[in-house]
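Thanks for asking me to look over this model. Please have it open beside you while you read my notes.

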Amino acid sequence: MQILRNRAFTDAVILFALFVVGYLFFSYVEAFEQIVEFVEIHEDWELDEGITSLTLIGIAGFVYAVRRNHEARAELKKRKAAEANGRWLAQNDTLTKLPNRRFLNSFLQKFDNGQSDGKNTARYAVYSIDLDGFKQVNDLHGHAGGDALLQKVADRLTKAAPDDLIMRLGGDEFLVIADAAKDQDLPGLGKSLSDAVRKPMTIDGIHAEVGASVGYVIYPDQVSTLEDAVRSADIAMYAAKNNPSNSVMSFSDSMGEEAASRAILERSLRVAVRNNDIVPYYQPLIDFETDKVYGFEVLARWITHDGKLIEPTTFIPLAEQIGVITELSDKLLNQACEDASKWPDDVMLSFNLSPTQLSDRLIGLRIISILAEKGFLPSRLEIEITESAMVQDVDSALAVLGDLQSAGIHTALDDFGTGYSSLSQIARFNFDRIKIDRSFISEFELNEKQHNIVKAIIALGEGLDISTTAEGVETDSQLAELKALGCACGQGHLLGRPMPARQVATFIAGDNDDRSGHGNPGLVRSAV
Ligand code: C2E
Ligand code: CA
Ligand code: CA
């Protein structure tokens, strides 16, 4: 625009100069009088009409040029506005009107480059904020409700830190860069940001509430670049997320080390899944009426190269977080079907699904296709789903259970008593089995309350015609008490520990021996 303006000015100066030179020259030679004389001499050539037309065309040309110039200017103005709008859209979030991640990236690049020139003397506190429970609001209020909540959160953060840079980095993630040179109460600001999010709000007249996990770090006191500050604030935020007693946490070096070892664990988990280093182990499930094995539960075991066994509680949640749970689960089920095909036909296979898997609506169909591929009877498979998984995404859980049940696959409600599912849900989901959580069994002989809960769950199972399996049976007296209460089945170290596939056949044979004569099936047999 500036260039065009300069050019127009130069053109105007040249035209004006030409006019002055022309005027002086034509005045000097008396050009007009000579032309008039020439026209009069050659009247028959009709030169006067020609000259008049030329003059009019000249004037019209001038008017046209002025109009075109106006149009070009308006066009340029529009283009400039569109460019500015495009630039704004690229660097800001349209929903909350806050700067976005792209803005942050260019901000960091500019800042950290300036820093290497020794220009920056600033001190900043960087806060990473992540909402807790946003998904539930989205599920409950729909996407429009979720959007309204994000806008409110953005407004509140802006009010809590009016002089600071507030960004929305995507989803329910926000970042605040606050000037720490000012004598600010930095932990206090973290708390205000967290409180601003937590305060209940109404969306379309309905009450809504989300939590916030906040992690922060101070630059340059704790980190050497602003980019590191953002990364470290994220690490502190994750630490806060995993710490129920503290929703605002300052970054510490040990958190950095934890994150680094987690990154190593993540990498080796990916490799382990790819290389089939995670294999199914099988724990016997015993029918108390016949004292016979009615099935085996698949429990994943990660066998490291030095022969160490890693427990699933360490890697299943991690596999969910890094997105390899589907691959891992499919491989385990494939292997388990192969192993179980060699067992007697009446021995069931029990397989766990984790909460995140249940929100994948296609999981049921994938399980069915694995069974078909392996030629494994759906009625021999029981899928275990925890109570907490059922309440996370009820619609998806219902759809998946529907798929499984209509294919003839059995379903069990795992870890019963630890979650929040209501009794009406149990009836609605049509489970074939309830598994009483281990925590009740470990204490039910000593604690009357726990005893009453176990009794009530068994009665509930009977009332709904659902079989009950007690988990974590470790002692003879627990076994005797459970049988006395009418519990149908059990599982636990007393009845058999998880074992590798190659030991299952021996276990089943031993089990048959026990039944065929003497011996107590409740004895600890195979142990790994
Ligand atoms: P879970 O489904 O409740 O499995 C039973 C857990 O109790 C197993 O722990 C088992 O080893 C343990 N256990 C069995 N009997 C006893 C006992 O008498 N005493 C004690 N103290 N513990 C006993 P494990 O193998 O560490 O598995 C932990 C959890 O990891 C499982 O809990 C299950 O939720 C999950 N998991 C295991 N394998 C898989 C899998 O392949 N996929 C998914 N999604 N989750 C899995
Ligand atoms: Ca289970
Ligand atoms: Ca369980």
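My points follow, going from the basis of the model to its cores, sheets, helices and loops.

1. **Basis.** This is a predicted model, in which local features need pLDDT of at least 70, side-chain atom pairs count only at pLDDT 80 or more, and totals for chains, interfaces and linings use all residues. Residues are numbered from 1 along each chain as its sequence is written, chains are lettered from A and ligands numbered from 1 in the order in which they are written, and side-chain values use heavy atoms, with hydrogens and water left out.

2. **The main core.** The largest nonpolar core holds 73 residues, and Ile278, Phe296 and Leu381 have the most contacts inside it. A core here is a set of buried Ala, Val, Leu, Ile, Met, Phe, Trp, Tyr and Cys residues joined through side-chain atoms within 4.5 Å. For burial, the cut-offs are under 20% relative accessible area for buried, over 50% for exposed, and partly exposed in between (1.4 Å probe, protein chains only). Helix α10 (residues 325-340) gives the most to this core, namely 7 residues. Helices (H or I, at least four residues) and strands (E, at least two) are DSSP runs, numbered from the N terminus.

3. **Around Ile278, and a second core.** With neighbours within four places in sequence set aside, the contacts of Ile278 include Leu269, Phe315, Leu328 and Leu332; contact means heavy atoms within 4.5 Å. There is also a second, separate core of 32 residues, with Ala161, Leu189, Leu193 and Val214 among them.

4. **The five-stranded sheet.** In what order do the strands of the open sheet run? The order is β2-β3-β1-β6-β7, with mixed pairing; two strands pair if DSSP finds at least two bridges between them. β2 (165-170) and β7 (248-250) are the edge strands, each pairing on one side only. On average, neighbouring strands are turned by 20 degrees against each other, direction ignored. β2 pairs with β3 (residues 173-179) in the antiparallel sense over 5 bridges, and there Met167 stands opposite Leu175.

5. Axes are lines fitted to C-alpha atoms, for helices over the stretch in contact, and angles run from 0 to 180 degrees between N-to-C directions. In the loop between β6 and α7 you will find Pro220, and the peptide bond from Tyr219 to Pro220 is cis, with omega near 0 degrees.

6. **The parallel strands.** β12 and β13 run parallel and are joined by 5 bridges, with Glu384 opposite Ala412.

7. **Helix α14.** This helix (residues 394-406) has 13 residues and reaches 18 Å from its first C-alpha to its last, close to the 18 Å expected at 1.5 Å a residue; the expected span is 1.5 Å times one less than the number of residues. Ser396, Ala397, Val400, Leu401 and Leu404 are buried. They cover an arc of only 130 degrees around the axis, which puts them on the same side of α14; the arc is that of the directions from the helix axis to the C-beta atoms. Asp395 and Ser406 are exposed on the other side.

8. **Helix α12.** Which residues of α12 are buried? They are Ile363, Gly364, Ile367, Ile370 and Leu371. Just after α12, Gly375 takes a positive phi of about 65 degrees.

9. **Two loop residues to look at.** Most residues other than glycine have a negative phi, and most peptide bonds are trans. Glu30, in the loop between α1 (2-28) and α2 (31-41), has a positive phi near 50 degrees and is partly exposed, with a relative accessible area of 46%. Lys97, in the loop between α3 (47-91) and α4 (101-116), has a positive phi near 65 degrees and is exposed at 55%.
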